[in-house]
Amino acid sequence: MIQDLLFAPFDLGFMRRALAGCVALSLAGPPLGVLLVLRRMSLTSDGLQHGILPGIALGALLGGVTAGGMLPLWPMALGGFAAGLGVVLLAGWLARATGGREDSQLAALYLLALAIGVAVISATRGIDLTHVLFGNVLAVDRAGLLLMAGAATVSLAGLAVLWRPLVVESFDPDFLAAMGEAGAVWHLGFMALVVLCVVAGFAALGTLMSVGLMMVPAVAARHLSLRLSGQVAAAVAVALLSSLLGLMLSFHADVPAGPAIVLVAGLVWLGAMLLGPHASLRARLAASRAA
Amino acid sequence: MVTPAITIEALTCRHGARVAVEGLSGSFAPGSLTAIVGPNGAGKTTLLRTLAGLHRGHAGQIDLGGLKRRDIALLPQASALDRSFPVSCGEVVALGAWAQLGAFGRAPADLPARVAAALDKVGLSGFAGRPVGALSAGQFQRVMFARLMLQDAKLLLLDEPTAAVDARTEADLVAQIRAWHAEGRTVVVVLHDLDLVRALCPQALLLAGSKVAWGATEQVLTAENRLHARLLAEAQTGPERRKAA
């Protein structure tokens, strides 16, 4: 019985591929997510996943959809990456040009990108819009797996190199600037890694939820540790657990896999927010009772 | 410690269209301890940030007398930092060694000992592993002072170091500022408490967008000068200020 519950789903090749892909996303995304949360850029990732859509659409258009309806993954990923970087640069420029009042500009920018993407996809024959928007983790093929594993490798290696300046820049950007370090370079490198992981996530979770495994575990981790290493470890653990349980839920309860994974992560977040050891509702109540 | 004079000539700093500091000239003598005082919005923080090389929109001359960036340390306003950030006290203090560490350098073997010694000196022995999120405002400021110790800078720029700390901490921090001054470092400190300025700082700069007075503290902090500063600040929040840009 338990054996059926735990292992039966992964007797199937596509489920194993889905799990492997999600493991890659769970290792790469959450550390970036933790830094995004600390840099108060949580919503930026949300906007980015809309921002990559025009590039993905254009990639699909130029890459050519095959007769069998197979999507050209690499052109789409490349297009998405280019579009994501473009949006990051444009957003940075808008932020400077508008003197820090950029949130409204960004909202407009992301919606515009989403609209362009949807329009191009709708006009292209042979592409299923729902597939692009929501992804299908169970349809991840060899190329998709390669994309996710490659992105995870590049992203983890990049983070290992950029970690110290990124953390310092998140905590005290003026300190780094006063030391003569070019914070903008670190920031841009970091954003390139984020875009890479958003693009990798799109193949599995679609452009609407591609940051699900990046952000939800990272937000939950804030309630689980006061240390950065602890938050990163907790976020990765939550992402891995959500991937496994989400895929099992998807298999047994016949729920789409992407949403199932994000839902499980969401439940963990809810639990951490209510009962976690730090800055949770429970911790606040205990503190106010002690005061 | 040998420190050069820092000379400012016709310095004007802008925030977009708004002029924060206008036409400021004067100098900080080597090893001097100068308070910057003035009403809110007088340009005190902007001046410090400009001296630290953080403010881009400025015109005029700043002669740092050959000081390099690593010779200058800035203590930001306490509110400028996220105190819930998941780093430990020891990590924040170790940042003071950035000039030796850089972005990728290996930490020197004696760094943990230097960090522990600095924490010891600010009265936080054994705090190295503690997350800053668990500190009070006063303890956090002590950690920032320990970071300044590691920076070992010739020019210290302190922005409201004693704001929102308890009396005991204030006394300890003031004693440390005195110690830095006694070591021959040049210290520029933004303060609001005029009694503290009189007790601590031989020199003062009264700022209200432009210079009201700069010199010996008693001659700067006269009732007449302070009234002048207040009137100037009120006048400059009007439309003329923007036209000046």
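Predicted model: local features only at pLDDT ≥ 70, side-chain atom pairs only at ≥ 80, totals over all residues.
**H11(A) and what packs on it**

I started with the packing of helix H11(A): its buried residues sit against helix H2 (13-38), helix H3 (42-51), helix H10 (183-209), helix H12 (228-253) and helix H13 (257-275) of chain A. Contact here is heavy atoms within 4.5 Å. Helices (H or I, at least four residues) and strands (E, at least two) are DSSP runs, numbered from the N terminus.

Residues are numbered from 1 along each chain as its sequence is written, chains are lettered from A and ligands numbered from 1 in the order in which they are written, and side-chain values use heavy atoms, with hydrogens and water left out.

How many of the 10 residues of H11(A) are buried? I get eight, over a helix that runs 212-221. Buried is under 20% relative accessible area, exposed is over 50%, and partly exposed lies in between (1.4 Å probe, protein chains only). Among the buried ones are Gly212(A), Leu213(A), Met214(A) and Pro217(A).

**Cores**

Next I looked at Met214(A). Leaving out residues up to four places away in sequence, Met214(A) touches Gly29(A), Pro30(A), Leu32(A), Gly33(A), Leu36(A), Val194(A), Cys197(A) and Val198(A).

Which residues touch the most other members of the largest nonpolar core? Met214(A), Leu247(A), Leu158(B) and Trp180(B) do, in a core of 139 residues. H10(A) gives the most to this core, at 15 residues. There is also a second, separate core of 25 residues, including Ile36(B) and Trp214(B). A nonpolar core is a set of buried Ala, Val, Leu, Ile, Met, Phe, Trp, Tyr and Cys residues joined through side-chain atoms within 4.5 Å.

**Ser155(A)**

I checked Ser155(A), which is in helix H8 (residues 142-171) of chain A. Ser155(A) is buried, at a relative accessible area of 0%. Setting aside residues up to four places away in sequence, I find Ser155(A) touching Ala28(A), Leu32(A), Leu193(A), Leu196(A) and Cys197(A).

**Cavities**

I count two cavities of 30 Å³ or more. My rule: on a 1 Å grid over the protein atoms alone, a cavity is a set of points where a 1.4 Å probe fits but cannot get out, and a pocket is an open set with protein on both sides within 12 Å along at least five of seven lines; lining residues have an atom within 4 Å of a point. Grid points are joined across faces, edges and corners, and a volume is the space filled by probe spheres set on the points.

The largest cavity is about 70 Å³. Its lining includes Asp172(A), Phe175(A), Leu74(B) and Arg147(B). Helix H9 (173-178) of chain A, with strand S5 (72-75) and helix H5 (137-151) of chain B, each supply at least two lining residues. By class, I have seven nonpolar, one polar and three charged. Here Ala, Val, Leu, Ile, Met, Phe, Trp, Tyr, Cys and Pro count as nonpolar, Asp, Glu, Lys and Arg as charged, and the others, Gly among them, as polar.

The second largest cavity holds about 50 Å³. Met214(A) turns up again here, lining this cavity with Leu25(A), Gly29(A), Cys197(A), Gly201(A), Ser210(A) and Leu213(A). That lining splits into four nonpolar, three polar and no charged.

Where is Phe85(B)? I find Phe85(B) in the loop between S5 and helix H2 (89-94) of chain B. Phe85(B) is buried, at 1% relative accessibility. Beyond its neighbours within four places in sequence, Phe85(B) is in contact with Leu38(A), Val167(A), Ser170(A), Phe171(A) and Val132(B). Phe85(B) and Gly133(B) are 48 residues apart in sequence but 6.5 Å apart in space, C-alpha to C-alpha.

The second largest pocket comes to about 510 Å³. Of its 21 lining residues, the closest to its centre are Arg164(A), Val167(A), Val168(A), Val87(B) and Glu91(B). H8(A) gives the largest share of the lining, five residues. I get 15 nonpolar, three polar and three charged residues for this lining.

**Cysteines**

My search of the whole structure gave zero disulfides over all chains, with a disulfide taken as a pair of cysteine sulfur atoms within 2.5 Å. For Cys22(A), the nearest cysteine sulfur is that of Cys197(A), 13 Å away.
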